[in-house]
Amino acid sequence: MSTAQSTKIPVLIARIILGLIYFVFGLNFFFHFIPQGPVPTGTAGAFLGGLFQSGYLFPLIKAIEVVCGALLLLGIYIPLILIVLMPISVNILLFHAILEPGGAPISISLLVIISQLYLAWAYRGYYKQLFIHKASL
């Protein structure tokens, strides 16, 4: 197996894992096919309540997750999708690490951020143009 081919397999696995997580959990918001645990209380509950009460923010985020997850699974626009998903991934990790620590959600959020960082590293060549100190037209 060549070096290029041996690096493609882990990238494919990370892309499929990240795509499935975003696609499935995004769709679950709309169709409720995964049983939900109790609604969080305290600060975590207040945070989620604010997202739900806004009326548009949470459904929009979940729609972005579904579309980006599908595009990851299809292997389309991967560098762009990684940029779009990074703020969502960081917020998921911070929510589960700070507002609602412990349990399976923190493990899934760690899997998400690790997969995303690995993919960003694998596609790092596509981001070089973003880091030009003084860009001119």
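## Cores, pocket and aromatic pairs in a predicted model

The largest nonpolar core has 16 residues. Those with the most contacts inside this core are Leu18, Tyr22, Leu72, Leu82, Leu85, Leu119 and Tyr123. At least two residues of the core come from each of helix H1 (3-31), helix H3 (57-74), helix H4 (78-99) and helix H5 (104-122). Apart from this core lies another, of six residues, including Leu48, Leu51, Phe58 and Phe95. The structure described here is a predicted model.

In soluble globular proteins, nonpolar side chains tend to be buried together. Tyr123 has 16% relative accessibility and counts as buried, because the cut-off is under 20%. With neighbours within four places in sequence left aside, Tyr123 is in contact with Val11, Ile78, Pro79 and Leu82.

Glu65 lies in helix H3. Is Glu65 buried or exposed? Its relative accessibility is 4%, so Glu65 counts as buried. Beyond its neighbours within four places in sequence, Glu65 is in contact with Tyr22, Phe23, Gly26, Ile88 and Ile92.

The next topic is the largest pocket. About 1,200 Å³ of space lies in this pocket. Its lining has 34 residues, of which Gln36, Leu48, Phe58, Lys62 and His96 lie nearest the centre. By class, 22 of the lining residues are nonpolar, nine are polar and three are charged. Which helix gives the most to the lining? Helix H2 does, with six residues. H1, H2 (42-53), H3, H4 and H5 each supply at least two lining residues.

The structure holds six aromatic pairs. Two of them are set out below.

| Pair | Centre to centre | Angle between planes | Arrangement |
|---|---|---|---|
| Phe52 and Phe58 | 4.7 Å | 50° | tilted |
| Tyr123 and Tyr126 | 6.0 Å | 40° | tilted |

In the pair of Phe52 and Phe58, Phe52 is partly exposed, with a relative accessible area of 46%, whereas Phe58 is buried, at 13%. In the pair of Tyr123 and Tyr126, Tyr123 counts as buried at 16% relative accessibility, while Tyr126 counts as exposed at 59%. Phe52 and Phe58 also belong to one aromatic cluster, together with Phe29 and Phe30.

Technical notes:
Residues are numbered from 1 along each chain as its sequence is written. This is a predicted model: local features need pLDDT of at least 70, side-chain atom pairs count only at pLDDT 80 or more; totals for chains, interfaces and linings use all residues. Side-chain values use heavy atoms; hydrogens and water are left out. A nonpolar core is a set of buried Ala, Val, Leu, Ile, Met, Phe, Trp, Tyr and Cys residues joined through side-chain atoms within 4.5 Å. Buried means under 20% relative accessible area, exposed over 50%, partly exposed in between (1.4 Å probe, protein chains only). Helices (H or I, at least four residues) and strands (E, at least two) are DSSP runs, numbered from the N terminus. Contact means heavy atoms within 4.5 Å. On a 1 Å grid over the protein atoms alone, a cavity is a set of points where a 1.4 Å probe fits but cannot get out, and a pocket is an open set with protein on both sides within 12 Å along at least five of seven lines; lining residues have an atom within 4 Å of a point. Grid points are joined across faces, edges and corners, and a volume is the space filled by probe spheres set on the points. Ala, Val, Leu, Ile, Met, Phe, Trp, Tyr, Cys and Pro count as nonpolar, Asp, Glu, Lys and Arg as charged, and the others, Gly among them, as polar. Rings of Phe, Tyr and Trp (its six-membered ring) pair if their centres lie within 6.5 Å; planes under 30 degrees apart count as stacked, over 60 as edge-to-face and the rest as tilted.
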